[in-house]
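Subject: Handing over the structure

Hi there,

Have a look at it here, and then read on for what turned up.

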Amino acid sequence: MLLLMGSNTTEAHPIIANRMKKAVRSGLKIIVVDPRKIDMVKFSHRHLQLEVGSDIALLNGMMHVIIQERLYDEEWVRKNTDDFEKLKEKVAAYTPEFAAKITGLNPEDIVAAAREYATAENAMIAYTLGITEHHCGVNNVFDIANLALLTGHIGRKGNGIMPLRGQNNVQGAGDMGCLPNQLPGAFPLADDKYRKRFEDHWGVKLNPNAGDTQTRTFERMEKGEVKALYIIGENPLMADVHMNHTRKLLENLDLMIVQDIFLTETAEMADVVLPAKSWGEVEGTYTNTDRRVQRVRKAVDAHPHVKEDWEILCELSTLMGYEMNYENSEQIWDEIRLLAHEMYGGMTYERLDKEYSLHYPCPDLNHPGTFVLHERFYRPEGAGEKRASFIPVDYTPPVEEPDEEYPFVLTTGRRYEAYNTHTQTRYYQEGIKIKQTHETVDIHPDDAARLGLEDGEMVTVSSRRGSVRVPAKVTDKVKPGLVFMSFHWRDVPTNVLTINEYDPISGTAEFKACAVKIEKMN
Amino acid sequence: MEPTKQVKTVCGYCGTGCGLILDVKDNEIIRVRGDKDAPVNKGQTCIKGAFAYKYVHAKERLKHPLLRKNGVLTKVSWEEALNFIADRLSFFKEKWGPDSIAMFACARTTNESNYITQKFMRAVIGSNNIDGCNRT
């Protein structure tokens, strides 16, 4: 059984969707939890079409049922977890009726879903940005973990929690230490012993205090405390919430450097633009969504005036008085293997070439890699009594709820053929038929009828932060009261509309919910 | 068109990590197929992975460093661009401290480039103000 939450898998992760569909043919049951009637609903045996942002109410409601009907594994919970009583207390209020009121679902469906998930022999939860892009994204993830821990559906093949990651190497970028609080190998910067390993090898003293998240950097840019911003291969002007605000912040900088393969909307604002090599022109590794490290290989020679990301940074570093010299990506990888050996020690290029992919941790050459990551939730005897803690959380509604003036909820996401800010997917091979070539605002037939809208008619969509003109697409994929847009096309910059409210822990913005109004043109 | 070489690699779009085979002729990718040996996709591809690769050879690719002069982004040499950046970043670091500088790293580039990116920020700039789209 698979609980698929906030993941439009067919469009955002098509090949993972294919594997799920194939598993359905061999008996897998899928419960889709999504405010839209996404394509995966066709392959599910139940669709919980909940209100945007009401996931915690649903999860707490399910746990309420599971605890009340004693469908959880009491022995497993006793051995592996802490704070069960706190969880029990928290979810006591979330009767199926109460959860139904918040989520807009039937209480019977919540009860049925709870029983199906809890009693399945193997059950997995997969989620995407529909879970994380909320002001309560971290709490959403905590509650998913609570559900998996309660039922013991974790730590075994066919069980567990699987965040489906959106970019080819977003996992690797964080693992490599491109996070304000983490060193390569995903160890905390604050760990003195681990940090010293890097200080010794790099020959410098490192700042032990965590730096700023992207969100915090924006706040400090507003105050004028950040003078220089160096952006590599990202288009935040188009991709981040509240675009008019983002533009002001970028204008505030004394120095903005953009390193990219195209002159993106963000690069157009930069003081210096550096041309980088792209996929197909470089050697190296990516880490995918399930911790597989795989080799990326060069197919063509880049333009002679274009340099690779690491090459540019090494030259800059040397100019600034800290010499960095590498002959190739393998030399860099070997430094990573040496310093973060607990994770990558056994993953030579030679092995990756031969074995195709290895899951980290893979500490030595004889290690086969780690397919199931979390197999134990308590410390072994003699190391204290600490177990995996439940972290009970409450439902909190989206920060900006619809009202009389802005009566619709706008939720945003991706479409099948385009990718992010469309800088690359505007270049398809000739002769490929593209179904959606421009942005639309997807609206339910009942709402369209009420507004007197025809399919394809131009409308103005406005929030408190700005407005865009876009054709309406009348479709029952969305519920009444909900509209959907992607952020792929520069002529319809959807993030003009979205709200700059963030999760206080992760700093992730609430891309999935803001209030808008829709007006006919003329 | 007969390819002159075939290169095995991994897709650069989403996080699934599909193995691909690129057919190359005259320094150009002319076809992309799913790799049957790939553990993740076993030969399958989606429309982006198989057909949205022409950006690599797009004429709009950046081919020279650009530096804003009198308000206009102007072609300059690598030497001029990198010296300008090195001078300015050193100045900011000296005058306002390392935390006046921030870096947005790239979730699309390799592990190797990401490792060097954070090494540059930590060892050269002296700041941990490094993040990326890990949060979105």
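Where in chain A is E327(A) found? E327(A) sits in the loop that runs between α15 and α16 (329-339) of chain A. Before going further, please keep in mind that this is a predicted model. With a relative accessibility of 69%, over the 50% cut-off, E327(A) counts as exposed.

**Where the two chains meet**

On the chain A side, 136 residues are in contact with 99 residues of chain B. Among the residues of chain A, W279(A), M320(A) and Y356(A) lose the most area to chain B, and together they make up 8% of what that side buries. The area buried between the two chains is about 10,400 Å², with carbon and sulfur atoms giving 62% of that area.

There are 64 residue pairs in polar contact between chain A and chain B, counting pairs with both residues at pLDDT 80 or more. Helix α15 (residues 309-319) of chain A supplies the largest share of the side that touches chain B, namely 9 residues. By type, the residues on that side of chain A divide into 71 nonpolar, 35 polar and 30 charged.

The count of salt bridges between the two chains is 2. One of them joins E335(A) to K119(B), with the closest N and O atoms 3.0 Å apart.

**Salt bridges within chain A**

Over all chains, the count comes to 49 salt bridges. One of these is between the side chains of R115(A) and E69(A), at 2.8 Å from N to O. This pair links distant parts of the chain: R115(A) is in helix α7 (residues 107-119), while E69(A) is in the loop between α3 (55-68) and α4 (74-80), 46 residues apart. R115(A) is partly exposed at 41% relative accessibility, and E69(A) is partly exposed too, at 32%.

R216(A) and E219(A) also meet in a salt bridge, with 3.5 Å from N to O. Both lie in helix α12 (residues 214-222) of chain A, 3 residues apart, which is about one turn of the helix. R216(A) is partly exposed at 34% relative accessibility, and E219(A) is partly exposed at 40%. The two belong to a network of salt bridges that links D212(A), R216(A), E219(A), R220(A) and E225(A).

Another salt bridge brings together the side chains of E315(A) and K307(A), at 3.1 Å from N to O. Here E315(A) is partly exposed, with a relative accessible area of 30%, whereas K307(A) counts as buried at 15%.

**Two helices to look at**

Helix α3 (residues 111-125) of chain B has 15 residues and reaches 20 Å from its first C-alpha to its last, close to the 21 Å expected. All its residues, 15 of the 15, are buried, so α3(B) is largely enclosed by the rest of the structure. G126(B) follows α3(B), with a positive phi near 85°.

Helix α9 (residues 137-151) of chain A also has 15 residues, and its reach of 22 Å is close to the 21 Å expected. α9(A) is mostly covered, with 11 of its 15 residues buried. Among the buried ones are V138(A), I144(A), L147(A) and L150(A). Just after α9(A) comes G152(A), with a positive phi of about 70°.

**Some backbone details**

Most residues other than glycine have a negative phi, and most peptide bonds are trans. Y356(A), in the loop between α18 (349-355) and β14 of chain A, has a positive phi near 75°. Y356(A) counts as buried, because its relative accessibility is 17% and the cut-off is under 20%. In chain B, D26(B) has a positive phi near 50°. D26(B) is in the loop between β2 (19-25) and β3 (28-34), and it is exposed at 64% relative accessibility.

The peptide bond from Y360(A) to P361(A) is cis, with omega near -5°. P361(A) belongs to the loop between β14 (357-359) and β15 (388-389) of chain A.

Enjoy exploring it!

Best wishes

Note on methods. Residues numbered from 1 in each chain as written. Chains lettered and ligands numbered in written order. Heavy atoms only, no water. Helix = DSSP H or I, 4+ residues; strand = E, 2+ residues; numbered from the N terminus. Buried < 20%, exposed > 50% of the residue type's maximum accessible area, 1.4 Å probe, protein only. Expected span 1.5 Å × (residues − 1). Contact = heavy atoms within 4.5 Å. Buried area = accessible area lost by both parts, 1.4 Å probe. Salt bridge = Lys/Arg side-chain N within 4 Å of Asp/Glu carboxyl O. Polar contact = N/O pair within 3.5 Å; in protein donor to acceptor, adjacent residues only side chain to side chain. Nonpolar A, V, L, I, M, F, W, Y, C, P; charged D, E, K, R; others polar.
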